[in-house]
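Here is a friendly walk through a protein model, from its overall build down to single residues. Have the viewer open as you read.

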Amino acid sequence: MRYVSTRGQAPALEFDDTLLSGMAADGGLYVPEAWPPLDADRLAALAGRPYAEVAAAVMAPFVAGSTVAGELPALAAETYGGFEHSAVAPLVQVTERLWVLELFHGPTLAFKDYALQLLGRLFDRVLARHGRRATIIGATSGDTGSAAIEACRGREALDIFILYPKGRVSPVQRRQMTTVDADNVHTLAIDGSFDDCQDLVKALFADAAFRDEASLAAVNSINWARIMAQTVYYVTAALALGAPDRRPAFVVPTGNFGNVYAGYVAAAMGLPVERFVVGTNRNDILHRAFSAGEMRAEPVVETLSPAMDIQISSNFERLLFDLFDRDGAELARRMQAFRQTGAFDIGAERLTRTCPPFASRRVDDNAILAEIARTRAETGLLVDPHSAVGLAAARAATAGDEGGGPVVSLACAHPAKFPEAVERATGVTPSLPPRLADLFDRPERQTELPADITAVRDFIRAHSGATGAPA
């Protein structure tokens, strides 16, 4: 399997180099040269199999020819054997037609664990095979950081630097990052928004000399391996609901577009999907894009669902690459203009080309609180604000369409990660699992920095073993 850049000017890479590069040298994102098929017979053969077995089978084509191809089944078994639910990603029925896909049974209680626990192991194996050391950098709006740190903590060939917007993540999310006592872990509180953090990470990768000096690698969903691993739970959910004979719809609360893009990848491979519904909060650039055919960035506003407080959704570029017929040069021109003007005319007609189709819904804070309360009253389930965005979007998208097939709404985080919002809506304070019960008693370690590339680069240079600093 070879990977090409969405901007058409970087060399095609095989899996190992794609994993370690993260972002393409031309500023684009890597995608497979062609989608591997996942036909009805292969899907039927996976029905009822354990999650780790499905994961290894679905991901195998993406690592074909790599140094880790033969280890993938063992790595998947090791990764998902540590999750707390026997189904790994269980479905819970909410109504006759609506299901919740619980993606918070990993070690940091968020859907990012499903990819990042595997990613840490892949980095370990590939770096060892190539005799290299790497500097992992990532930006987080809440959950990526803790999941990445948990996956990389203590690994000898890695130093990890996570940037998060100071004061804009929940206390639980922050402490899951800052209380990790490992010499190779560095948490950076940036004075700015998530988009500022993400821009800093992209700028560091665009600095070719520093990228090589520090052997930079990415854990954000700009890294293809993140997307690859997240395709799996779409497959297991669809199979559990009758695929390939039935086509479920998926509703995905979305900020950076990586999670729903993973579903699109599964569909591009052949998974039968009725449609995707993108749920946004007040930071609704994706809703406006799907509704009007235009991306137009606006200032980020703080909401009850902070992991979605994003206006520049990096992974949307991967979908645009297909919508622009994989013309990397044309997409590069459009993305450059977007960075300069804050606007990008996609064209409503072009958006109709996606198969399956996309729809979108915008859910504000009042609707989030109402959905948390409604779900608790009707089902007894507690859901976090991000999962509530998905459920509210699912109800709106299916209103008046009672005769359709199953609808799966993704629950992306454990409610205990956002106790204030859940208690405000329901009067109930969700408890952390016993292994995290002392989280607020643990000492914190973090460094505050301005949203300045020089400051961040200098800090990494001083603390990364790959640059010659003490490991």
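## About the model

This is a predicted model, in which local features need pLDDT of at least 70, side-chain atom pairs count only at pLDDT 80 or more, and totals for chains, interfaces and linings use all residues. Residues are numbered from 1 along each chain as its sequence is written, and side-chain values use heavy atoms, with hydrogens and water left out.

## Overall build

The protein chain holds 19 helices and 16 strands. These are DSSP runs numbered from the N terminus, with helices (H or I) of at least four residues and strands (E) of at least two. Along its principal axes, the C-alpha trace spans about 60 × 50 × 50 Å.

Of the 471 residues, 62% are buried; buried means under 20% relative accessible area, exposed over 50%, and partly exposed in between, with a 1.4 Å probe and protein chains only. Among contacts (heavy atoms within 4.5 Å) with a separation of 6 or more, 76% join residues 24 or more positions apart.

## Surface and charge

The protein chain exposes about 16,600 Å², and carbon and sulfur atoms supply 48% of that area. Accessible areas come from the Shrake-Rupley method with a 1.4 Å probe; for residues, only the protein chains shown count as cover.

There are 45 positive and 57 negative side chains, and the centres of the two sets lie 1 Å apart. Lys and Arg count as positive and Asp and Glu as negative, while His and the chain ends are not counted. Each charge is placed at NZ of Lys, CZ of Arg, CG of Asp or CD of Glu.

Helix 3 (51-59) is mostly covered, with 7 of its 9 residues buried. Those buried residues are Tyr51, Ala52, Val54, Ala55, Ala56, Val58 and Met59. They pack against helix 2 (40-46), helix 4, helix 5 (113-130), helix 10 (224-240) and helix 11 (258-269).

Valine 63 sits in the loop between helix 3 and helix 4 (72-80). Valine 63 is buried, at a relative accessible area of 1%. Not counting residues up to four places away in sequence, valine 63 touches Phe15, Ala69, Leu72 and Met228.

## Cysteines

How many disulfides are there? The count is 0, where a disulfide is a pair of cysteine sulfur atoms within 2.5 Å. For cysteine 152, the closest cysteine sulfur is that of cysteine 197, at 18 Å, which is too far for a bond. Cysteine 152 is buried at 2% relative accessibility, and cysteine 412 is buried at 5%.

## Backbone details to look at

Most residues other than glycine have a negative phi, and most peptide bonds are trans. The bond from alanine 243 to proline 244 is cis, with omega near 5 degrees, and proline 244 lies in the loop between helix 10 and strand 10 (249-253). Another cis bond joins cysteine 355 and proline 356, with omega about 5 degrees; proline 356 is in the loop between helix 15 (348-351) and strand 14 (358-362).

Valine 88 has a positive phi near 70 degrees and is buried, with a relative accessible area of 5%. Aspartate 325 has a positive phi near 55 degrees, but is exposed at 60%.
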